Amino acid sequence: MSDTSKNNWSTPVALAIPKEGYFKKEEGRYGPLFPKTPANYGFTVIAKVKPGREQSIREYGKTIEAAVKETPDFLAPLQLHYLRWVLFDVGSGLHFMYQGIFDTDFDKYMEDAIALFNSSGVTTVFVNLEGFPEDWKTNVPAVTQFFREHQRPSFLEYGEYPYVSAEEVKKALKVKAALSDMLDQMQ
């Protein structure tokens, strides 16, 4: 994809992604870099829940909701577009799916997430998952290894307004609101 097409947000883009999750293998600090797609950067992690931890995971959702309500920019360091959490059982026990779309590469997202949870005193939901490293607060390579082992790369991503950052979306909405206010005042 050319740089010109990545700057054209007005034309939707669909992108088929190879099974490996990248087009050309480029090493980052913690392994291969996943490409920026029309939906931006992101991942889907699926892991088995430790027995008896379903309620803890659901309560943790409320913890994040409260943190964002109290401090709306609580998750801002992660440059998120959205997150989606799902609990499901396919017959082999309860599993947790974490889908996130964000504006930084995978390595930076991991570093920023660990720094955010360390500085805020809020733990991570992943402590409820089998195989998540006990030393996650100080061991970024182990956390990224866990994510890579549980990552399920998408094979198609679509962007209605491709390659646009969350910050650009917010700026556009601020301009829209200001223009709407101005037009309302003119009436």
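**Notes on a first look at this model**

1. Gln79 is found in the loop between α2 and β3; helices here are DSSP runs of H or I with at least four residues, strands are runs of E with at least two, and both are numbered from the N terminus. The phi of Gln79 is near 50 degrees, a positive value in a residue other than glycine. For background, most residues other than glycine have a negative phi. Gln79 counts as partly exposed, because its relative accessibility is 34% (buried is under 20% relative accessible area, exposed over 50%, partly exposed in between, with a 1.4 Å probe and protein chains only).

2. A word on what you're looking at: this is a predicted model, where local features need pLDDT of at least 70 and side-chain atom pairs count only at pLDDT 80 or more, while totals for chains, interfaces and linings use all residues. Residues are numbered from 1 along each chain as its sequence is written, and side-chain values use heavy atoms, with hydrogens and water left out.

3. Now the overall picture. The chain has five helices and five strands, and from the N terminus on they run α-β-β-α-β-β-α-α-β-α. Along the principal axes, the C-alpha atoms fill a box of roughly 60 × 40 × 35 Å. Of the 187 residues, 37% count as buried. The chain exposes about 11300 Å², with carbon and sulfur atoms supplying 54% of that area (Shrake-Rupley method, 1.4 Å probe). Take the contacts between residues at least 6 apart in sequence: 69% of them join residues at least 24 apart. Contact means heavy atoms within 4.5 Å.

4. Tyr163 also has a positive phi, near 60 degrees, in a residue other than glycine. Where is Tyr163 found? In the loop between β5 (156-159) and α5 (166-186). Tyr163 is buried, since its relative accessible area is 7%.

5. Back to the loop between α2 and β3, which also holds Pro77. Pro77 counts as partly exposed, because its relative accessibility is 38%. Leaving aside neighbours within four places in sequence, Pro77 is in contact with Asp112 and Leu116.

6. Leu116 has its place in helix α3. Is Leu116 buried or exposed? At 8% relative accessibility, Leu116 counts as buried. Not counting residues up to four places away in sequence, Leu116 touches Phe74, Leu75, Pro77 and Leu78. Leu75 is 41 residues from Leu116 in sequence, and their C-alpha atoms are 7.9 Å apart in space.

7. On to the largest nonpolar core, which has 36 residues (a set of buried Ala, Val, Leu, Ile, Met, Phe, Trp, Tyr and Cys residues joined through side-chain atoms within 4.5 Å). The residues with the most contacts inside this core are Phe43, Phe96, Tyr109, Phe117, Phe126, Leu129 and Phe147. Two or more residues come from each of β2 (41-48), α2, β3, β4 (94-102), α3 and α4. It is α3 that gives the most, with seven residues. Leu129 touches Ala47, Lys48, Val49, Lys50, Ile57, Phe96 and Phe146, not counting residues up to four places away in sequence.

8. Helix α4 deserves a look too. Eight of its eleven residues are buried, so α4 is largely enclosed by the rest of the structure. The buried ones are Val140, Ala142, Val143, Thr144, Phe146, Phe147, Arg148 and His150. These buried residues of α4 pack against β2 and α3.

9. How many cavities of 30 Å³ or more does the structure hold? One. On a 1 Å grid over the protein atoms alone, a cavity is a set of points where a 1.4 Å probe fits but cannot get out, and lining residues have an atom within 4 Å of a point. Points are joined across faces, edges and corners, and a volume is the space filled by probe spheres set on them. About 200 Å³ of space lies in the largest cavity. The elements giving two or more residues to its lining are α2 (54-70), β3 (80-89), α3 (106-120) and α4 (140-150).

10. That lining has 19 residues, with Tyr98, Ala113, Phe117, Thr124 and Phe126 lying nearest the centre of the cavity. The largest share of the lining, five residues, comes from α3. By type, the lining divides into 18 nonpolar residues, one polar and no charged (Ala, Val, Leu, Ile, Met, Phe, Trp, Tyr, Cys and Pro count as nonpolar, Asp, Glu, Lys and Arg as charged, and the others, Gly among them, as polar).

Methods:
On a 1 Å grid over the protein atoms alone, a cavity is a set of points where a 1.4 Å probe fits but cannot get out, and a pocket is an open set with protein on both sides within 12 Å along at least five of seven lines; lining residues have an atom within 4 Å of a point.
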